[in-house]
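Here is a short briefing on one protein chain. Start with the overall layout, then move to the helix packing and a few individual residues.

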Amino acid sequence: MAAVCGRPSGLPGSYCPGFQPAHSCHPFAKTLGIITFSTCGKQPNLHRLFRVNSGVPIRDALEHASVLLHCSKQLALDAAMDKGADRYAWTAHYLGEMAKAVVDDLANGMLPNGVTEEEEAVAG
C-alpha cells in the first residue's frame, strides 16, 4: 500500500516526497506564547489581558482549541434559539476568541510568515 502525499501509510517502504511529520519539519511544534487576546480598558489604553502559554505540544493545543470551538458552537446555537439567552452568545464569543488565539499562536511557528495580532492580521 503506497502512501498518499501528506498521509504516509506507516508501512515499511512507504514514501512520500516532501512529506515530513510536524515534529521534524516545523522547528516550533509547540505553542510559542506570543499571541495575546481579550482586550480590556478604554481607548487609547487598551490592554491585552491574556496570552497563550508557550511550550504546549501542537497536538494538545489543537485538541483544546477544538473543544473550545465545539463548546462555542453549541452555546451560539442555544443563544440563537432562545431569546433570553444572550449570556450564551457572550460565552460563545469568548470561547471562540480563546480558540483563535491558540490556532494563531501555532500558525506563527508553522507558517513561513506566521500570523500577527488580530488587528494587524485583518489589515494585512
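The chain's secondary structure amounts to four helices and two strands. In sequence order, the pattern reads α-β-β-α-α-α. Helices (H or I, at least four residues) and strands (E, at least two) are DSSP runs, numbered from the N terminus. The model is predicted: local features need pLDDT of at least 70, side-chain atom pairs count only at pLDDT 80 or more, and totals for chains, interfaces and linings use all residues. Residues are numbered from 1 along each chain as its sequence is written, and side-chain values use heavy atoms, with hydrogens and water left out.

**Whole chain**

- The chain has 124 residues, and 23% of them count as buried. Buried means under 20% relative accessible area, exposed means over 50%, and partly exposed is in between (1.4 Å probe, protein chains only).
- Take the contacts between residues at least 6 apart in sequence: 47% of them join residues at least 24 apart. Contact means heavy atoms within 4.5 Å.

**Packing of α2 and α3**

- Helix α2 covers residues 58–81 and helix α3 covers residues 86–110; they pack at an angle of about 155°, with axes 8 Å apart. This makes α2 roughly antiparallel to α3.
- Angles under 35 degrees count as roughly parallel, over 145 as roughly antiparallel, 65 to 115 as roughly perpendicular and the rest as oblique. Axes are lines fitted to C-alpha atoms, for helices over the stretch in contact, and angles run from 0 to 180 degrees between N-to-C directions.
- The crossing of α2 past α3 is left-handed. That term applies if the near helix is turned anticlockwise from the far one by less than a right angle; clockwise is right-handed.
- On the α2 side, contact residues include Ile58, Leu62, Leu69, Ser72 and Asp78. On the α3 side, they include Tyr88, Leu95, Gly96, Val103 and Met110.
- By class, the α2 and α3 contact comprises 20 nonpolar, three polar and one charged residues. Here Ala, Val, Leu, Ile, Met, Phe, Trp, Tyr, Cys and Pro count as nonpolar, Asp, Glu, Lys and Arg as charged, and the others, Gly among them, as polar.

**Ser72 in the helix pair**

- Ser72 sits in helix α2. Ser72 is buried, at 12% relative accessible area.
- Not counting residues up to four places away in sequence, Ser72 touches Ala92, Leu95 and Gly96.
- Ser72 and His93 are 21 residues apart along the chain, and 7.0 Å separates their C-alpha atoms.

**Backbone features**

- Most residues other than glycine have a negative phi, and most peptide bonds are trans.
- Ser38, in strand β1, has a positive phi near 65° and is not glycine. Ser38 is also buried, with a relative accessible area of 12%.
- The Gln43 to Pro44 peptide bond is cis, with omega near 0°. Pro44 belongs to the loop between β1 (36–40) and β2 (47–51).

**Loop residues**

- Leu46 is in the loop between β1 and β2. Leu46 is partly exposed, at 40% relative accessibility.
- Setting aside neighbours within four places in sequence, Leu46 contacts Cys40 and Gly41.
- Leu32 is in the loop between α1 (22–25) and β1. Leu32 is partly exposed, at 25% relative accessibility.
- Leaving out neighbours within four places in sequence, Leu32 contacts Ser54, Asp105, Asn108 and Gly109.
- Leu32 and Asp104 are 72 residues apart along the chain, with C-alpha atoms separated by 9.9 Å.
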